[in-house]
Amino acid sequence: MEVTPETNAALVDKAVRLHRLTENELVRLLADEALTEELAAAADQVRHEYVGDGVHLRGLIEFSNICRQNCMYCGLRRDNPHTERYRLTVDEIVALARKAVGYGYHTVVLQSGEDMYFTAERMAEIIRRIKGLDLAVTLSLGERPREDYAAWREAGADRYLLRIETTDRALYEKLDPGMSWANRDRCLRDLKELGYEVGTGTLVGLPGQTLAMLARDILYYQRMDADMLGIGPLIPNQETPLGEAKPGDFDLTRRMVSLLRLLLPEANIPATTAMETMVPHGREIILASGANVVMPNVTEGDYRHKYALYPGKICVADTPAQCRSCMGGRIQAMGRYVAEDKGFRHHYGAVK
Ligand code: SAH
Ligand code: SF4
C-alpha cells in the first residue's frame, strides 16, 4: 500500500515516478512558493526523459484580429473600438507559410479571432495549399461546428489549439459572456474524435480563479489526454473590462507548467510569449521548467502590433527572420537544440 507522503518534496518525487497526484496534492504544490525551483528541476528531468532536448519551433501566423466574441480579458473582443482590425488574404497567408519554410520551421500555427469570413471552405483551401509545402498545420481559430473541424481535418490540418481557459464553468461563463463552457468542452471532444492533436490550456490569474480550480484544470487535461498544453498568465489589457485586474503570477504559472510536465509527460508544452512579456527571458525559464516548444511570430510588419490580445507584446518591431535567429541562439545557449522534425506527440503509453 502506498504510504501518504508527508512533505511536499516527497509529493514531487511521487509525481516523477507515478505521474499522478490528487487534487489536494496538486493544490499543495501549486501553493508552495519555496518549491518552485525543485519542481522545475523535476519537470526538466521528466521533459528530458520523455520528449528529449529538442525544442520545436512553430511559426505563428496571426492572420485576422476580427472576432465575434467578447472575452472580458482580450484586446480582440468585438466591443473594443481601439483595435484597428485587419484580415490577411488567402494568398498572403499562404505566402507567410512559404516564408516560414524558408526560416526552417516545420509547423505553422494559423491563429485568429473568431472571424467568420473564413468559412469552412475558405479555410480548407488555405490548409490544402499550405499542406502542399510539407508543413504540419496547427489551427487556432476558436469555436466552430464539428462539420468545420471535420472539413479542415480532411483538408490536412494536423493539430488544433483551443484553451479551455478555466474548467470552472461559472467563472468561464462570467468572463466569456455569451459563450458556453459546455460548447467549448464539446469542441475539444470533437477535435479529439476527429484525430487532431489537441492543445488546450489555462489562463492563469483570472479574477476569482482559485488554486483548486487550477488543480482541477490539470486533472481535466490528464483525463482528456491533451497532446499540447499552453499556459499563460493574464496580462491586463486597458482596453478591456479586466484592465484593472491583477496580472497572473509568473511563478505560479511556472509551477503549473512543471506540474503539467509531471502529470502529462508526453505532451508538447510551449513556453508562451505571455511569459516573456512578464519577465525578461521568461521563455527560457519556462523551457527549463518542463516546456519543449516555442512559437516564434511569422506575422509581418504592422499586423504584429495590431494583433494585441494583451499589451507589451514582445518583439513587435522585429522581423520574422530576426525572431528565428534570436530563438535559435537562445535555445543553443541553454544546451538544447532546435528540433528538425515536425514534432508530433510521442506515445509511450501511460507511463514510460
Ligand atoms: N480566438 C482564438 C485564438 C486567439 S486568442 C481563441 O480564443 O481560442 C488566444 C489566447 O489568448 C486565448 O486562449 C487566451 O487564453 C489568450 N489571451 C487573450 N487575452 C489575454 C490576456 N489579456 N492576457 C493573456 N492571455 C490572453
Ligand atoms: Fe476572440 Fe479569442 Fe480574444 Fe476571445 S480570446 S475575444 S475568442 S480572439
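**Cys315 is partly exposed, with a relative accessible area of 27%.** Buried denotes under 20% relative accessible area, exposed over 50%, and partly exposed the range in between, computed with a 1.4 Å probe on protein chains only. The structure is a predicted model, in which local features require pLDDT of at least 70 and side-chain atom pairs pLDDT 80 or more, whereas totals for chains, interfaces and linings use all residues. Residues are numbered from 1 along each chain as its sequence is written, chains are lettered from A and ligands numbered from 1 in the order in which they are written, and side-chain values use heavy atoms, without hydrogens or water. Cys315 belongs to the loop between helix H13 (302-306) and helix H14; helices (H or I, at least four residues) and strands (E, at least two) are DSSP runs numbered from the N terminus. The phi of Cys315 is near 60°, a positive value in a residue other than glycine. Most residues other than glycine have a negative phi.

**Asp225 lies in the loop between helix H9 (211-224) and strand S8 (228-229).** This residue is not a glycine, yet Asp225 has a positive phi of about 55°. Its relative accessible area of 32% places Asp225 in the partly exposed class.

Val90, Ile93, Val94, Leu96, Ala97, Ala100 and Tyr103 are the buried residues of H4. Just after H4, Gly104 adopts a positive phi of about 95°.

**Tyr117 and Phe118 form an edge-to-face aromatic pair.** Rings of Phe, Tyr and Trp (its six-membered ring) pair if their centres lie within 6.5 Å, and planes under 30 degrees apart count as stacked, over 60 as edge-to-face and the rest as tilted. The structure holds 10 aromatic pairs. In the pair of Tyr117 and Phe118, the separation is 5.0 Å centre to centre, with 90° between the planes. Tyr117 is partly exposed at 34% relative accessibility, whereas Phe118 is buried at 1%. Tyr220 and Tyr221 also pair edge-to-face, at 5.9 Å centre to centre and 65° between the planes. Both partners are buried: Tyr220 has a relative accessible area of 8%, and Tyr221 has 0% relative accessibility. Elsewhere, ring pairs join Tyr149, Trp152, Tyr160 and Tyr196 into a cluster.

**The charged end of Arg122 sits over the ring of Tyr117.** A charge sits over a ring if NZ of Lys or CZ of Arg is within 6 Å of the ring centre and within 35 degrees of the ring normal. For Arg122, the distance to the centre of the Tyr117 ring is 3.9 Å. The charged end of Arg159 is likewise placed over the ring of Phe344, 4.4 Å from its centre.

**Strand S4 comprises residues 136-140 and takes part in an open sheet.** Two strands pair if DSSP finds at least two bridges between them. The sheet consists of 6 strands in the order S2-S3-S4-S5-S6-S8, with parallel pairing. S2 and S8 are the edge strands, each pairing on one side only. S3 and S4 are joined by 5 bridges in the parallel sense, and Gln111 has Ser140 of S4 as its bridge partner. S4 runs parallel to strand S5 (residues 159-161), with 2 bridges between them, and Thr138 stands opposite Arg159 in S5. As 5 of the 5 residues of S4 are buried, this strand is largely enclosed by the rest of the structure.

**Strand S1 (residues 54-57) has buried residues on both sides.** Gly54 and His56 point one way, whereas Val55 and Leu57 point the other way. S1 runs parallel to strand S11 (residues 337-338), joined by 2 bridges, with Val338 as the bridge partner of Val55. A further 2 bridges connect S1 to strand S10 (residues 293-294), also in parallel; here Leu57 is partnered by Val294.
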